[in-house]
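Let's take a friendly walk through a protein model, one part at a time. Keep the picture open beside you as you read.

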Amino acid sequence: MWKSIIYKEWLKIKWFFIIATALEILVAGYIFIKVQHDFKFNEANNYWYLILFMGAPYFTYLKFVPIISALAISVAQYFPETVNKRIKLSFHLPINENKILLTMMLFGTICLLIGYLVLLTIFYGFSTFYFPSDIIIPALTSITPWFLSGFAVYYFVALIVLEPVWKYRFFYIVVAAVFLPLFIESASIGSYAPANPVLFVLVIILSISLLFSGYRFRKGEM
Amino acid sequence: MSNAIECNNLTHYYGKKMVYENLSIHVKDGSILGLLGKNGAGKTTTINILNGFLQPRSGECLIYGENTQHLTPATKARIGFLIEGHIQYSFMNIHQIEKFYSGFYPKWDKEPYWELMSKLKVGKNQKISSMSCGQRSQVALGLILAQDPDLLILDDFSMGLDPGYRRLFIDYLREYAKAKKKTIFTTSHIIQDMERLIDDVLIMDYNRVLAQRNVHDFMHEFKQFYLEVEDPAIDLSAEEFVANFEKVHNKVEIYTYESEEFVKSYLKKKGIAHSNFKEVKMGLEDAFIGLTGKY
């Protein structure tokens, strides 16, 4: 049964997943082409100085990539379920309705995670080639909330798209508009270190929020 | 005979608008029941309650003894559900969708599905979204037959189908249901089709049930009489024996469960002058309109 659910979810998102992952690889590649270019025109020490003390991070281009990937995958995954209330088909399957939603959510999360891990691996690999750990560790701290924002966007889209009541949808959009900027504030490198654990916990809590929308749908709220 | 579906004292409102109050219906195991009603009479509301997609304000529906708000996966596996408009996962093709559903049902039998698919002129990789309404209906029906459920709940199966596909759908369904002793609960807005399919009829009007009985008994007992009255002002709609009274100028239609003799003697007793009195043969659609009225 679980294989069948995963099969259906994969059919919906496979092209979006492939394109999003390709985008992530391209952006990572572009960043390090640019780093290579800047290295040619600056001494390594000067370049590192610029990054560490002048607040000129080399990874800014990454900022919205996790959000764009999450948006593509989540819309591809959840929007087809709401066209003609097709989610009824899923809820009619001989499995507990909450388990179906959680499986869908888990599958989307894993796909997103795979894309992010590919991006992070490339990013980390190239970084160790060009930079010392004094730069890499704060860089990873700085990009962590951006990746967390990707997961948050994914969970918000699931919550909003599956929600059957328009006033709740609007309310969730407002909450998302207030909540998401927390992840992408402009800040000096590494300054998100104390906030990251809190953001992580918030994202974990948000991950099961689609159950509320599913519950309201099953109760026939309009 | 036990009941596959039993709804007791269902009451539901949308906001302040009452859909029905204290509605009780039952569907016997192995029978085919057609739920007929005008738009807004509560057909889809009832289907949604049966499938657990709507919580009634009060009352309950049981399917195989389980409350439909909390059906267990084992009971859901016994129910085949056709959504209005033959909605399916339209991003799949016919191979993908068969593969998807086969993973859920232990009794899955792909033979009837592929038998129906062989009649469709669709490409191997053609998505369901690019199929015609008739082709989509066959896909939805094939999937239900392959699931081999004990109870089929079909919400307006005739929607969007041309007469050929409707006939194909009904003939397949009836033969399947009778051969395998399946129970069917169905709605359709094309009532003439229902006559070929159903054993029992449930006719709903706004807020109430007008009839729930064997369809042949209903067709035998429910009658239409046509007459032309001399006084066009006559109105019999309030009479107890009249189920519905339609009049255009002096041309009158009386719908009733009473016999021709009864109606004639009533007219005579009341001194209602008339001519051209005759009983009109009705199909199920005529009887439905006769019972619920044209408006």
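## Chain B at a glance

Chain B contains 10 helices and 14 strands; here helices (H or I, at least four residues) and strands (E, at least two) are DSSP runs, numbered from the N terminus. Please keep in mind that this is a predicted model, in which local features need pLDDT of at least 70 and side-chain atom pairs count only at pLDDT 80 or more, while totals for chains, interfaces and linings use all residues. Residues are numbered from 1 along each chain as its sequence is written, and chains are lettered from A and ligands numbered from 1 in the order in which they are written.

Along the principal axes, the C-alpha atoms of chain B fill a box of roughly 70 × 45 × 35 Å. Of the 295 residues in chain B, 40% are buried. A residue is called buried if 20 or more other C-beta atoms lie within 10 Å of its own, exposed if 12 or fewer, and partly exposed in between, with C-beta atoms placed from the backbone.

Where do the domains meet? In chain B, 11 residues of domain 1 are in contact with six residues of domain 2, where contact means that the C-beta atoms of two residues, placed from the backbone, lie within 7 Å. On the domain 1 side, H7(B) gives the most, with four residues. By class, that side of domain 1 of chain B has seven nonpolar, one polar and three charged residues. For these classes, Ala, Val, Leu, Ile, Met, Phe, Trp, Tyr, Cys and Pro count as nonpolar, Asp, Glu, Lys and Arg as charged, and the others, Gly among them, as polar.

## A nonpolar core

A nonpolar core is a set of buried Ala, Val, Leu, Ile, Met, Phe, Trp, Tyr and Cys residues joined through C-beta atoms within 7 Å. The largest one has 69 residues, and Ile97(B) and Ile153(B) touch the most other members. Helix H5 (residues 133–147) of chain B provides the largest share of this core, seven residues. Each of domain 1 (3–217) and domain 2 (222–292) of chain B gives the core at least three residues.

Leaving aside neighbours within four places in sequence, the residues in contact with Ile153(B) include Ile47(B), Ile79(B) and Phe185(B).

## An open sheet

Four strands of chain B form an open sheet with antiparallel pairing, in the order S2-S1-S4-S5. Strand S2 (17–28) and strand S5 (66–67) of chain B stand at the edges with a single partner strand each, so one side of each has no neighbour in the sheet. Two strands pair if DSSP finds at least two bridges between them. Strand S4 (residues 58–63) of chain B and S5(B) are joined over two bridges, and Leu62(B) stands opposite Asn67(B) in S5(B).

## Tyr226(B) and the partner chain

Tyr226(B) sits in strand S11 (residues 223–229) of chain B. Why does Tyr226(B) count as partly exposed? Because Tyr226(B) has 14 C-beta neighbours inside 10 Å. Not counting residues up to four places away in sequence, Tyr226(B) touches Glu253(B), Lys278(B) and Val280(B).

Finally, chain B meets chain A through 23 residues from chain B and 20 residues from chain A. The chain B side has 13 nonpolar, eight polar and two charged residues.

Conventions:
Domains from an automatic or database assignment.
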